[in-house]
Amino acid sequence: METLVDAPIKVSFSPVNPISLSLQPIKSGFLPISWLQDDHESPRWQKSTVVFVLGGPGSGKGTQCANVVEHFGYTHLSAGDLLRAEISSGSEFGAMIQSMIAEGRIVPSEITVKLLCEAMKESGNDKFLIDGFPRNQENRIVFENVAKIEPAFVLFFDCPEEELERRIMNRNQGREDDNIETIKKRFKVFVESTLPIVSYYESKGKLRKISAAKPSAEVFEAVKDLFASETGEGEARDHLNKKISV
Ligand SMILES: Nc1ncnc2c1ncn2[C@@H]1O[C@H](COP(=O)(O)OP(=O)(O)OP(=O)(O)O)[C@@H](O)[C@H]1O
Ligand SMILES: O=c1ccn([C@@H]2O[C@H](COP(=O)(O)O)[C@@H](O)[C@H]2O)c(=O)[nH]1
């Protein structure tokens with residue numbers, strides 16, 4: 001049976017209004033919701049623990065996710081990194097994704113969700129940090145409908161805009177969107193589209209807010225305490241057990 005992970009992406013794209021068009025394939029049944037690999041049981045990756053990691057651009061999501069991976073054995077999936085890899089792969093959607101990232105716009109949900117689900121399926125792990133996603137309500141709804149996973153909790157890095165701008169302008173990783181013009185657009189999208197998602201999860205009691213306007217090591221102390229209390233584990237116990245058994 002062809003699942004969404006295996007299926008080719010068939011997304012209508014218009015540079016004029018990509019967001020409204022991006023739901024069209026789901027409505028018209030292009031992307032099958034025939035996710036279950038057998039009729040009764042979900043595949044292993046769909047039983048995974050997922051933590052969404054949100055925060056403004058440059059708030060330290062990637063930095064802290066790397067720490068959590070090391071200490072708690074999660075797999076880190078950055079939606080932005082997956083999209084950049086899709087551009088580099090020469091995918092038919094590469095040019096469209098590239099132009100949207102350069103403008104700080106949100107890529108159609110079907111593309112991002114498919115990339116995330118493929119990565120989860122391939123990883124073999126059962127606990128994931130999904131960094132920089134969902135970016136808007138449509139992302140959230142498509143992920144819920146397709147992956148059929150609700151996040152265990154949502155980690156939100158709170159940081160003032162001036163500090164975010166300073167960090168991004170000093171990042172020096174050669175990212176095409178790390179320039180002042182695109183940064184302003186990314187902030188606008190964050191406030192208008194992503195903060196409502198943060199409020200949504202707050203209303204569901206799932207939000208865990210951490211101040212990110214501190215040195216990285218101090219931020220990680222708070223992150224570490226949070227993961228220890230949320231998972232009921234001491235630091236890295238699960239991760240170490242896995243290493244020992246290899
Ligand atoms: N607590 C911190 N204090 C100062 N600088 C930090 C801190 N955390 C991360 N940085 C630096 O800020 C920059 C942005 O961090 P990072 O890439 O982790 O943010 P991000 O939220 O993943 O960004 P984006 O959403 O743009 O991908 C990096 O150069 C990183 O080294
Ligand atoms: O779910 C997502 C995540 C990212 N994007 C696009 O990528 C850039 C960069 O994202 P980072 O998280 O900063 O790496 C973002 O501005 C969006 O254009 C997306 O569309 N959907």
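1. Two or more lining residues come from each of strand S1 (49-55), helix H3 (61-72), strand S2 (75-78), helix H4 (79-88), helix H8 (161-169), helix H9 (180-203) and helix H10 (216-231). The most is given by H4, which supplies 5 residues to the lining of the largest pocket. Sorted by class, this lining holds 18 polar, 15 nonpolar and 12 charged residues.

2. Asn139 deserves a separate point, as an unreviewed UniProt entry covers Asn139 with the annotation "binding site". Asn139 belongs to helix H7, which spans residues 137-147. Is Asn139 buried or exposed in the model? Asn139 counts as buried because its relative accessible area is 3%, which is under the 20% cut-off. Once neighbours within four places in sequence are left aside, Asn139 is in contact with Ile106, Val107, Ser109, Val113, Phe133 and Pro134.

3. On confidence, the protein chain has a mean pLDDT of 85, with 78% of its residues reaching 70 or more, and the model scores are ipTM 0.99 and pTM 0.86. Over residues 1-7, however, pLDDT stays under 50, and the model has 26 contacts beyond four places in sequence for this stretch. Residues 236-246 likewise have pLDDT below 50, with 11 contacts in the model beyond near neighbours in sequence. Where pLDDT is low, predicted coordinates should not be read in detail.

Terms used:
Residues are numbered from 1 along each chain as its sequence is written. Chains are lettered from A and ligands numbered from 1 in the order in which they are written. This is a predicted model: local features need pLDDT of at least 70, side-chain atom pairs count only at pLDDT 80 or more; totals for chains, interfaces and linings use all residues. Side-chain values use heavy atoms; hydrogens and water are left out. Helices (H or I, at least four residues) and strands (E, at least two) are DSSP runs, numbered from the N terminus. Ala, Val, Leu, Ile, Met, Phe, Trp, Tyr, Cys and Pro count as nonpolar, Asp, Glu, Lys and Arg as charged, and the others, Gly among them, as polar. UniProt positions are given in the numbering used here, feature names are shortened, and annotations may be inferred rather than shown by experiment. Buried means under 20% relative accessible area, exposed over 50%, partly exposed in between (1.4 Å probe, protein chains only). Contact means heavy atoms within 4.5 Å. pLDDT is the predictor's confidence in each residue, from 0 to 100.
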